[in-house]
Amino acid sequence: MTYEFEPIGVIHSCFKEKFGIPRQSGLIPEAFGRLEILPPFNRPEAFRELECFSHIWLTFVFHAAIREQWSPSVRPPRLGGNRRVGVFATRSPFRPNPLGLSVVKLNRIDFSAHQVNLELGGIDLLDQTPVLDIKPYVPYSDAIPDAREGFAPQPAKPSLSIRYSNAAKTFLDTLDADFVRHLHSLLEQILEQDPRPAYLQGSDTRQTFGMRLYDLNIRWRIEDDNLTITEIDSCIRPNNAKPHRYE
Ligand code: SAM
């Protein structure tokens with residue numbers, strides 16, 4: 001038997017590519033996004049009293065991880081990428097049905113003429129992710145403080161000090177001050193999670209990494225526990241234009 005589902009909405013995320021997205025929701029509170037509800041689901045009455053909840057569950061499609069074949073075992077990055085465990089013991093995007101489940105902060109619901117938009121925080125979702133369902137997070141049953149954590153205990157944060165090159169600072173000076181404050185916090189929270197592949201973590205590779213946040217290309221390097229943002233530039237805008245906030 002097969003089932004077909006129609007997305008009720010689409011995510012507009014600060015994360016424009018997979019590299020740099022946290023491994024779980026909630027790890028980067030500053031990671032903002034917007035869930036645009038699509039017709040015919042954009043009926044305000046379908047969201048009545050949802051704003052009473054601080055957090056919501058999203059069921060979504062790992063649309064950028066669709067494969068013809070599935071594998072019964074995967075190598076989670078948490079285990080250094082070299083130990084196989086059953087796919088159903090992981091949160092891997094590569095699964096028989098590529099469905100994801102994230103609990104995110106619901107900051108606001110905007111209703112305007114024929115539009116419903118949910119402003120979110122703490123997301124781990126790629127831009128354009130199709131969302132299939134929304135449910136409120138209910139602490140009395142969803143929070144299980146004494147649950148066993150298996151092979152996924154809370155990871156230690158690396159102690160990296162972050163600095164900006166003069167070129168990066170000069171570029172940031174051309175942007176809106178509020179946006180720059182947000183970007184500093186977002187970068188700090190992303191880099192604290194060390195998004196490098198597991199086999200490079202904790203090492204001093206002197207390799208330059210790049211990621212795309214909003215419409216910015218960001219390059220950085222780690223040397224001797226010092227992380228330097230070497231370059232920031234716009235992929236679509238002339239250097240002196242201001243970005244649209246959080247788009
Ligand atoms: N919290 C969700 C879950 O447990 O189902 C997602 C966990 S999964 C390990 C998180 C990773 O999925 C992110 O680091 C990102 O690389 C990837 N990802 C996020 N959105 C995606 C999408 N739409 N398609 C493919 N991969 C995606």
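Mentor: Start with one pair of residues. Arg163 stands opposite Thr228, which belongs to E12. Keep in mind that this is a predicted model. Now widen the view from that pair. Strand E12 covers residues 226–234. Four bridges join E12 to E9, and the two run parallel.

Next, find the whole sheet. It is open and has four strands, in the order E9-E12-E11-E10. Their pairing is mixed. Look at the two ends of that order. Strand E9 (161–164) is one edge, and strand E10 (208–213) is the other. Each of these edge strands pairs on one side only. Follow the sheet across and you will see it twist. The twist averages 30 degrees from one strand to the next.

A helix packs on this sheet. Helix H3, residues 177–192, touches E9, E10, E12 and strand E11 (216–223). Compare directions as well: that of H3 makes about 130 degrees with that of E10.

What holds paired strands to each other? Strands in a sheet pair through backbone hydrogen bonds, either parallel or antiparallel.

For antiparallel pairing, turn to another sheet. It is a closed barrel of six strands, running E1-E2-E7-E6-E3-E8, with antiparallel pairing. On average, its neighbouring strands are turned by 45 degrees against each other, direction ignored. Take one pair from it. Strand E1 (residues 9–13) and strand E2 (residues 33–37) are antiparallel partners over five bridges. Within that pair, Ile11 has Leu35 of E2 as its bridge partner.

Now the ligand. It is surrounded by 20 residues, and the closest are Gln24, His63, Arg91, Asp124 and Thr129. By type, the shell holds eleven nonpolar, five polar and four charged residues.

Zoom in on some atom pairs. An oxygen atom of the ligand lies 2.9 Å from a backbone N or O atom of Leu101. The side chain of Ser102 has an N or O atom 2.9 Å from a nitrogen atom of the ligand. A backbone N or O atom of Leu126 lies 3.2 Å from a ligand nitrogen atom. How much of the ligand is buried by the protein? Alone, the ligand exposes 600 Å², and the protein buries 91% of that.

Finally, return to the strands. Strand E3 (55–61) and strand E6 (99–112) are the elements that give two or more residues to the shell. E6 gives the most, with three residues. Both E3 and E6 are strands of the barrel.

Note on methods. Residues are numbered from 1 along each chain as its sequence is written. This is a predicted model: local features need pLDDT of at least 70, side-chain atom pairs count only at pLDDT 80 or more; totals for chains, interfaces and linings use all residues. Side-chain values use heavy atoms; hydrogens and water are left out. A residue is near a molecule or strand if one of its heavy atoms lies within 4 Å of it. A polar contact is a pair of N or O atoms within 3.5 Å; within protein, one must be able to donate a hydrogen and the other to accept it, and residues adjacent in sequence count only if both atoms are side-chain atoms. Accessible areas come from the Shrake-Rupley method with a 1.4 Å probe; for residues, only the protein chains shown count as cover. Ala, Val, Leu, Ile, Met, Phe, Trp, Tyr, Cys and Pro count as nonpolar, Asp, Glu, Lys and Arg as charged, and the others, Gly among them, as polar. Two strands pair if DSSP finds at least two bridges between them. Axes are lines fitted to C-alpha atoms, for helices over the stretch in contact, and angles run from 0 to 180 degrees between N-to-C directions. Contact means heavy atoms within 4.5 Å.
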